[in-house]
Amino acid sequence: GAVEVRAAGEAFLDMRARIERHIEQRTLLLSGVSHDLRTPLTRLRLGLSMLEVEEKVDLEKDVTEMQALIDEFLSFARNQADTGSNTEQADIWEIVDDVVKNISRNSGRVSFVKPYQPLVLELRPLAIRRALENLIGNGLRYANKVSVSASVYKTEVHVTVEDDGPGIPDEQIEEALKPFSRLDPARNQNRGSGVGLGLPIVADVAYAHGGRLELSKSVALGGLKADLIVGLQEKF
């Protein structure tokens, strides 16, 4: 091709490489800082356990919230690495079923009817698992019952997680998908709270698989309905 076209192509490839390096460095930095914070946090928790002061309960609560923050940062960093990894062929229904079974062992409040016919897609299995664990865990935090269903619609695969909790008002759905957004007043803070990275992680995973995350009101259970949508790229 023309010299100008070749030069533009090389510049584009250089720009992509710089962006990839920037993302990788940011992810490593976030992961490293989060790991480094765990050691002093563990010492602080140990020190608090030996104290006999009235403020002990409040201080322990602060430490617990800090631990949750670090854990979500690490989850976010791992998700960035997973979504950038190579894909592999996997049965998405098998992944969903395995995640539900693992969570059900502890809670017993999650149901899923696995489709009889396997559906093998090009996926990043670890990223899909993390997204499903986030959605189901979020449902169990605020609800008593969580239902997982699966369906295929044209060129899309839908994994739907519904709960009977308080849900999210329509006007706050867009806000809920923003990083570090916390909707505790709407979702009942007494049931526990995160730091606002769970749903954005799921949205990133869906986007990396040619899909999206859609939130709405559950007609069946009355709480939140979360649709993890993946682009249909079957491998026969």
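Which span should the 18 residues of helix α4 (residues 125–142) cover at 1.5 Å a residue, and how far apart are its end C-alpha atoms? The helix should span 26 Å, and its end C-alpha atoms are 26 Å apart, which agrees. The expected span is 1.5 Å times one less than the number of residues.

The structure is a predicted model, in which local features need pLDDT of at least 70, side-chain atom pairs count only at pLDDT 80 or more, and totals for chains, interfaces and linings use all residues. Residues are numbered from 1 along each chain as its sequence is written, and side-chain values use heavy atoms, with hydrogens and water left out.

The mean pLDDT of the protein is 80, and 77% of its residues reach 70 or more. This score is the predictor's confidence in each residue, from 0 to 100. Among the elements, β5 has the highest mean pLDDT (95). Helix α6 (residues 184–187) has the lowest, at 50.

The protein has 7 helices and 7 strands. Both are DSSP runs numbered from the N terminus: helices are H or I with at least four residues, strands are E with at least two. From the N terminus on, the order is α-α-β-α-β-β-α-β-β-α-α-α-β-β. Of the 236 residues, 38% count as buried. Buried means under 20% relative accessible area, exposed over 50%, and partly exposed in between (1.4 Å probe, protein chains only). Contacts are heavy atoms within 4.5 Å. Among contacts with a separation of 6 or more, residues 24 or more positions apart account for 67%.

An α-helix has 3.6 residues a turn, so residues three or four places apart point the same way.

Valine 63 is found in helix α2 (residues 56–83). At 2% relative accessibility, valine 63 counts as buried. Leaving out residues up to four places away in sequence, valine 63 touches Leu41, Leu44, Arg45 and Leu48. Valine 63 and leucine 41 are 22 residues apart in sequence, with their C-alpha atoms 7.2 Å apart. Valine 148 is found in strand β4 (residues 146–153). Its relative accessible area is 4%, so valine 148 is buried. Beyond its neighbours within four places in sequence, valine 148 is in contact with Val96, Val100, Val110, Ser111, Phe112, Val113, Ile136, Val159, Thr160 and Val161. One of these, serine 111, is 37 residues away in sequence, at 6.0 Å from C-alpha to C-alpha.

Charged pairs were examined next. Side chains of opposite charge can pair when their charged atoms come close. A salt bridge is a side-chain nitrogen of Lys or Arg within 4 Å of a carboxyl oxygen of Asp or Glu. By this rule the count comes to 5.

Glutamate 94 is partly exposed at 38% relative accessibility. Lysine 114 is partly exposed too, at 33%.

Arginine 129 and aspartate 98 form another salt bridge, with the closest N and O atoms 2.7 Å apart. Here helix α4 supplies the arginine and helix α3 the aspartate, 31 residues apart. Aspartate 98 counts as partly exposed, at 32% relative accessibility.

Glutamate 156 and arginine 212 meet in a salt bridge at 2.8 Å, N to O. Glutamate 156 lies in strand β5 (residues 156–163) and arginine 212 in strand β6 (residues 212–217), so the pair ties together parts 56 residues apart in sequence. Glutamate 156 is buried, at 19%. Arginine 212 is partly exposed, at 34%. Glu156, Arg212 and Glu214 are linked in a network of salt bridges.

The protein exposes about 14,100 Å², and carbon and sulfur atoms supply 54% of it. Accessible areas come from the Shrake-Rupley method with a 1.4 Å probe; for residues, only the protein chains shown count as cover. Phe12, Leu13, Met15 and Ile19 form a nonpolar surface patch with about 380 Å² of accessible area together. Patches are made of residues with over 30% relative accessible area and no salt bridge; like charges are joined within 9 Å, nonpolar side chains (Val, Leu, Ile, Met, Phe, Trp, Tyr) within 5 Å. Methionine 15 lies in helix α1 (residues 3–49). At 38% relative accessibility, methionine 15 counts as partly exposed.
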